Amino acid sequence: MENRPLSTSGSDVMRMSPVQKEMINALSLHQNFGDSSQPGSYVQTILVGDSGVGKTSLLVQFDQGKFIPGSFSATVGIGFTVMLLGDSGVGKTCFLLQFKDGAFLSGTFIATVGIDFRNKVVVVDGVKVKLQIWDTAGQERFRSVTHAYYRDAQALLLLYDITSKMSFDNIRAWLTEIHEYAQKDVVIMLLGNKADVSSERAVRTEDGASLAREYGVPFMETSAKTGMNVELAFLAIAKELKQRAVQSLDEPRFQIHDYIESQKKKSSCCAFS
Ligand SMILES: Nc1nc2c(ncn2[C@@H]2O[C@H](COP(=O)(O)OP(=O)(O)OP(=O)(O)O)[C@@H](O)[C@H]2O)c(=O)[nH]1
C-alpha cells in the first residue's frame with residue numbers, strides 16, 4: 001500500500017457530503033521522516049478525535065515545543081495543498097518559513113530531507129482557507145520520493161535563485177516533470193527568489209518574465225529574506241484555488257495574472273529593483 005499523506009483536493013471537498021467534510025475536519029496529520037537516505041522509511045501519525053479535544057495543540061507542542069493558550073479555532077473545511085519545487089538551495093524552506101512565521105533562517109544551509117509540511121490559514125474574501133504547504137527537497141536523490149506527491153498538489157510554486165543561472169536553466173526540466181506527474185489543471189507560479197541580492201544577480205527579471213509567458217504561468221521575483229512578495233504569492237494562489245472551488249456561475253472568473261500585476265504595482269514603492 002502506498003504510504004502517502006491524507007489530502008483533499010478542492011474538487012474532492014466540493015463533492016463531499018457535510019458528514020464527510022466533518023470527518024476530514026477531524027483529522028490532522030503529521031509525518032516524520034526517519035532515515036533521510038531511505039525513501040519511504042518515514043512514519044505517519046494521524047491525530048483523530050472530536051473538534052476541540054486538542055489535536056492541533058498536541059501537534060503544535062510536538063512541532064514547536066509550545067502551547068498556544070486560548071487560540072482555539074476550528075480547523076477549516078476548505079483546504080488546499082501547495083507544493084514548493086525547485087533546485088536545492090533556491091530558498092524553498094526559507095520562503096515557507098517567512099510566510100509561516102515571518103522569520104528568515106540565515107546562516108548555515110541545511111538541505112531538506114524528503115518532504116516536510118506546514119499549515120497556514122489565510123482569509124480570502126472573508127473565507128478561511130487552509131493551505132497545507134509541502135516543502136520538497138531539491139536534491140536529485142529525493143526526486144523519486146517527491147514525485148509521488150505531485151498529483152495531490154493543487155498548486156505548485158516553482159522557485160529559482162536569481163543569483164544562480166543553473167537554477168534558472170533547470171526550470172524547463174522542472175516544468176517537464178510537473179507536466180508528467182502533476183494534475184493537468186494544477187496552478188503553477190514561477191518565482192525568482194533572492195531578489196534582495198541584486199549585486200549577485202545572474203538572471204535578468206525580463207528572462208524570468210519571458211519564460212513564464214512562454215509557459216503561460218504567473219511570475220514574480222521574491223525575497224525570503226526581506227519578505228518581498230512572499231505573502232502575495234501564497235495569497236494569489238489561495239484566491240485562485242478558492243474561487244475555483246466555490247465560484248458561482250454568475251461571478252466573473254478570477255484572473256491571477258491581473259491580480260498579481262495590480263498587487264505588485266501597489267507595493268512597488270518597497271520592492272527591490
Ligand atoms: N539573501 C537571501 N538568501 C536566501 C533567500 N532564501 C534563502 N536564502 C539562503 O539560501 C540558502 C538555501 O535556502 P533553503 O531555504 O534552505 O533552500 P531550499 O531550496 O529549501 O534547499 P533544499 O532544501 O535543499 O531543496 C540558505 O543559506 C538561506 O539562508 C533569500 O531570499 N535571500
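Student: How many bridges join β3 to β6?

Tutor: In this predicted model, β3 and β6 run parallel. One of their pairings places Leu156 of β6 as the bridge partner of Met83. The number of bridges joining β3 to β6 is four.

Student: Which residue of β5 is the bridge partner of Val82?

Tutor: Strand β3 also pairs with β5, in the parallel sense and over six bridges. Within β5, the bridge partner of Val82 is Ile133.

Student: In what order do the six strands of the open sheet lie?

Tutor: Strands of a sheet pair through backbone hydrogen bonds, either parallel or antiparallel. Here the pairing is mixed, and the six strands form an open sheet. The edge strands, each pairing on one side only, are β4 (115-124) and β8 (219-221). From one strand to the next the twist averages 25°. The order is β4-β5-β3-β6-β7-β8.

Student: Which residue in β8 is the bridge partner of Gly192?

Tutor: Strand β7, residues 187-193, pairs with β8 in the parallel sense over three bridges. In β8, the bridge partner of Gly192 is Glu221.

Student: What angle does the direction of helix α5 make with that of β4?

Tutor: Helix α5 comprises residues 143-150 and packs on the sheet. The strands that α5 touches are β3 (79-85), β4 and β5 (127-136). The direction of α5 makes with that of β4 an angle of about 30°.

Student: Is Glu140 buried or exposed, and why?

Tutor: Glu140 is found in the loop between β5 and α5. Its C-alpha atom is separated by 38 Å from that of Gly54, a residue 86 positions apart along the chain. Because Glu140 has 9 other C-beta atoms within 10 Å, and a residue with 12 or fewer is classed as exposed, Glu140 is exposed.

Student: Which residues of α4 are buried?

Tutor: Helix α4 is mostly covered, since seven of its ten residues are buried. What covers these buried residues includes β3, β4, β5, β6 (155-161), β7 and α9. The helix is followed by Gly102, whose phi is positive, near 65°. The buried residues of α4 are Lys92, Thr93, Cys94, Phe95, Leu96, Gln98 and Phe99.

Student: Why are α4 and α9 described as roughly perpendicular to each other?

Tutor: Two packed helices are described by the angle between their axes and the distance between the axes. The axes of α4 and helix α9 (residues 230-246) come within 9 Å and cross at roughly 80°. Angles of 65 to 115 degrees count as roughly perpendicular. The two helices, α4 and α9, are therefore roughly perpendicular.

Student: Which residues in α9 are met by residues of α4?

Tutor: By class, the contact of α4 with α9 has four nonpolar, one polar and one charged residues. From α4, the contact involves Phe95, Gln98 and Phe99. The residues they meet in α9 are Val230, Glu231 and Phe234.

Student: Is Asn229 buried or exposed?

Tutor: Asn229 is found in the loop between β8 and α9. Its phi is near 60°, a positive value in a residue other than glycine. With 24 other C-beta atoms within 10 Å, where 20 or more are required, Asn229 is buried.

Student: Is Asp125 buried or exposed?

Tutor: Asp125 lies in the loop between β4 and β5. It has a positive phi of about 45° although it is not a glycine. With 11 C-beta neighbours inside 10 Å, Asp125 counts as exposed.

Student: Which residues come nearest to the ligand?

Tutor: The shell around the ligand has eight nonpolar, ten polar and four charged residues. Its largest share, three residues, comes from helix α4 (residues 92-101). Of the 22 residues around the ligand, those that come nearest are Ser88, Gly91, Ala111, Thr112 and Gly138.

Note on methods: Residues are numbered from 1 along each chain as its sequence is written. This is a predicted model: local features need pLDDT of at least 70, side-chain atom pairs count only at pLDDT 80 or more; totals for chains, interfaces and linings use all residues. A residue is near a molecule or strand if its C-beta atom, placed from the backbone, lies within 6 Å of it. Ala, Val, Leu, Ile, Met, Phe, Trp, Tyr, Cys and Pro count as nonpolar, Asp, Glu, Lys and Arg as charged, and the others, Gly among them, as polar. Two strands pair if DSSP finds at least two bridges between them. Axes are lines fitted to C-alpha atoms, for helices over the stretch in contact, and angles run from 0 to 180 degrees between N-to-C directions. Two residues are in contact if their C-beta atoms, placed from the backbone, lie within 7 Å. Angles under 35 degrees count as roughly parallel, over 145 as roughly antiparallel, 65 to 115 as roughly perpendicular and the rest as oblique.
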